[in-house]
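Hi everyone, thanks for making time today. I'd like to walk you through a structure, a piece at a time, with the model up on the screen.

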Amino acid sequence: MKTLDVITIGRSSVDLYGAQVGGRLEDMGSFNKYIGGSPTNIACGAARLGLKSGLITRVGDEHMGRFIREQLVREGVDMGGVVTDPERLTALVLLGIRGQEQFPLIFYRENCADMALSENDIDENYISSTRAVVVTGTHLSHPRTEAAALKALNLARKHGVRTALDIDYRPNLWGVAGHGEGESRFVESAKVTAKLQSSLHLFDLIVGTEEEFQIAGGSTETLEALRAVRGVSAATLVCKRGAAGAVAFEGAIPASLDNGQTGPGFPIEVFNVLGAGDGFFAGLLKGWLEDADWPTALKYANACGAFAVSRHGCTPAYPSLEELEFFLERGIKRPDLRNDRELEQVHWSTNRHRNHGGNWSECRVFAFDHRLQLEEMAGYTLEKGGAFKELCLQAALQVQNGRPGYGILCDNRIGRKALHAASGTGLWVGRPCEWPGSRPLTLEPELGSDYGGLSEWARENVVKVLCFCHPSDNPETRADQEATVKRLFEASRRNQLEFLLEIIPSKVGEVDDKTTATLIRQFYGAGIYPDWWKLEPMNTREAWRNAIAAIENNDPHTRGIVVLGLDAPEAQLAASFEVAAFFPLVRGFAVGRTIFGDVARAWMKGETSDGAAIAEMATRYARLCQIWDKARVAAQEKAA
């Protein structure tokens, strides 16, 4: 039985993309870090489209190698062929966007991990487990990696597995251009042509640009080159023609490129061509492996290439299946896709779990982001407050015990050490921005007046803001608070941070079954799309139904809701959980003072030890988790 749809083989690197657009690579002041390398990009792009993809490559035994491994898992790529090389470093690439036609890049690949790929890394059982194998041209450039690729191809043919080649010609990776010519896409070389032609008969599908077919065919005339490739291979040839789209040739090469099979193109603004071919190939694989006709397969490929051309980065630019379907149905509203707010919302919301961890179907959060409440306690000092929050983190980790579905809310002003220590633990980590108790809403000064402080936040931190608001607010107050929340939301997106909006209307005025839903619609109407909502307990199912309908009607891909505690007694929380747990969109709770309040007051006065404080908070937190889990199971049983 086939457990995978496609396995790609070859390069795997970390791309450091210049964040500034329009300048020289020499002048870049900061870089965004992405996963990269053509076969790695293709595997990720295919996984985003719903294909079960795997990758055969090597990465280093260091931070960048671990980043690639972790990101592949988030992308849903099978890791069965990824080897950690203890002797070599992971490859790096520095890239920039100079303009619409200049995209400078430098490959750091001297004796890198993926170029150590060998025949021993090719497992016959792994190859036989897939429906298709994709090889990229760079790994035909060195005897060791070529041997690995050829072994994989021959095993594929033995087991009836489809084979494909992305010519992926990079002259300097073949040694026919210098280090400073990473941007170069074509240098004539009889040696490269001969090497490529020696293996073209092994493929069922060959994909390349006109320049890449010219190197494969040994002619600078594209039609002549295609005929030369056809002379040694019966593969379907797919030639990418940039803005002119792409054409497929199953048999003899006609008198004109225009006579090949084509799919609809998408006239969009060219922002960044780097990685566009890999996105194209991922879309093509979707059609090819579904046995669609070539016009349909090319439609998918052209659309995926259009997304890549319009966005920053390679893999991060590729669409999810939901996004691709949305785009094909709705069409182009503006040529610069990255500035299409509706499309970008679908892109963000259907891909964010790939950058920020799993789907978080359950989220049991110990909230100790409180500042004012601690500062008012007898015996409090800033130093003691920070130390206590470290105890809170230890209690949270004790309950989590390495399992998914647990989290914390922790601030940076008092709880900095705990906040930083939580990174990488597997906890969901929310971090507050509001100045405690402020109305109209004011934010923590550390963010800066331009909210630029968010650029320093760890990527896994969720931006949390609490807004005291009510539908009866006067227009000035409502406009002021919505403006603050919207600026914070947009700054969060710009920094690739998830956003949680907490609203508490009961502290402002009377509430009924429609109050929270009304506020939710108002914030969406202002252009604010939280990844998470934090809502106060609602006592009726009707109130919850109204709130959830308001969310799902505006954002069907939201992460979900967590229920806040408001220092309620445990029994009261249990009652509210019974109502909330009935609704799947409610992922869990975010409760604080019920867990730490009494313990903190005693600890601040020296009436309890560190160990006793941790133990008591862990007991309370675990008990709340059990109450939530019991309520969820009961709700599911009733629903069934």
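This is a predicted model: local features need pLDDT of at least 70, side-chain atom pairs count only at pLDDT 80 or more; totals for chains, interfaces and linings use all residues.

Let's start with strand 15, residues 406-409, and strand 16, residues 428-432, which pair in the parallel sense over three bridges.

Is Ile-561 buried or exposed? With a relative accessibility of 0%, Ile-561 counts as buried. Leaving aside neighbours within four places in sequence, Ile-561 is in contact with Trp-533, Leu-535, Trp-544, Ile-548, Ile-551, Leu-585, Val-586, Arg-587 and Gly-588. If you like distances, here is one: the C-alpha atoms of Ile-561 and Ser-320 are separated by 23 Å, and the two residues are 241 residues apart along the chain.

Another residue I'd like you to see is Thr-516, which is found in helix 16. The cut-off for buried is under 20% relative accessible area. Thr-516 has 7%, so this residue is buried. Which residues does Thr-516 touch, not counting those up to four places away in sequence? The list is Ile-503, Pro-505, Leu-535, Met-538 and Ala-547.

How many cavities of 30 Å³ or more does the structure hold? The count is one, and the largest cavity has a volume of about 60 Å³. Its lining is made up of Cys-467, Cys-469, His-470, Asp-473, Arg-478, Gln-481, Glu-482, Leu-519, Gln-522 and Phe-523. The elements that give two or more residues to this lining are helix 15, residues 475-494, and helix 16, residues 515-525. Sorted by class, the lining has four nonpolar, three polar and three charged residues.

For those of you who think about pockets, the second largest pocket holds about 1,300 Å³ of space. There are 46 residues in its lining, and Gly-242, Val-273, Ala-276, Gly-277 and Val-309 lie nearest the centre. Elements giving two or more residues to the lining include strand 2 (13-21), strand 6 (91-97), strand 7 (105-108) and helix 8 (276-289). By class, the lining residues divide into 19 nonpolar, 13 polar and 14 charged.

Some of those strands belong to a sheet, so to speak of it next: four strands form an open sheet in the order 3-2-6-7, with mixed pairing. Strand 3, residues 31-36, and strand 7 stand at the edges; each has a single partner strand, so one side of each is left without a neighbour in the sheet. From one strand to the next, the twist averages 20 degrees. Inside the sheet, strand 2 and strand 6 pair in the parallel sense over six bridges, and Val-21 stands opposite Ile-97 in strand 6. Helix 2, residues 63-75, packs on this sheet and touches strand 2, strand 3 and strand 6, with its direction at about 65 degrees to that of strand 3.

Last stop: strand 1, residues 6-9. Side chains in a regular strand alternate between the two faces of the sheet. Here both faces of strand 1 are covered, with Val-6 and Thr-8 buried on one side and Ile-7 and Ile-9 buried on the other. Which strands does strand 1 pair with? Four bridges join strand 1 to strand 4, residues 53-60, in parallel, and Val-6 stands opposite Ser-53. Strand 1 also pairs with strand 8, residues 132-136, in the parallel sense over three bridges, where Thr-8 has Val-134 as its bridge partner.

That's my tour, and I'm happy to take questions.

Conventions: Residues are numbered from 1 along each chain as its sequence is written. Side-chain values use heavy atoms; hydrogens and water are left out. On a 1 Å grid over the protein atoms alone, a cavity is a set of points where a 1.4 Å probe fits but cannot get out, and a pocket is an open set with protein on both sides within 12 Å along at least five of seven lines; lining residues have an atom within 4 Å of a point. Grid points are joined across faces, edges and corners, and a volume is the space filled by probe spheres set on the points. Ala, Val, Leu, Ile, Met, Phe, Trp, Tyr, Cys and Pro count as nonpolar, Asp, Glu, Lys and Arg as charged, and the others, Gly among them, as polar. Two strands pair if DSSP finds at least two bridges between them. Buried means under 20% relative accessible area, exposed over 50%, partly exposed in between (1.4 Å probe, protein chains only). Contact means heavy atoms within 4.5 Å. Axes are lines fitted to C-alpha atoms, for helices over the stretch in contact, and angles run from 0 to 180 degrees between N-to-C directions.
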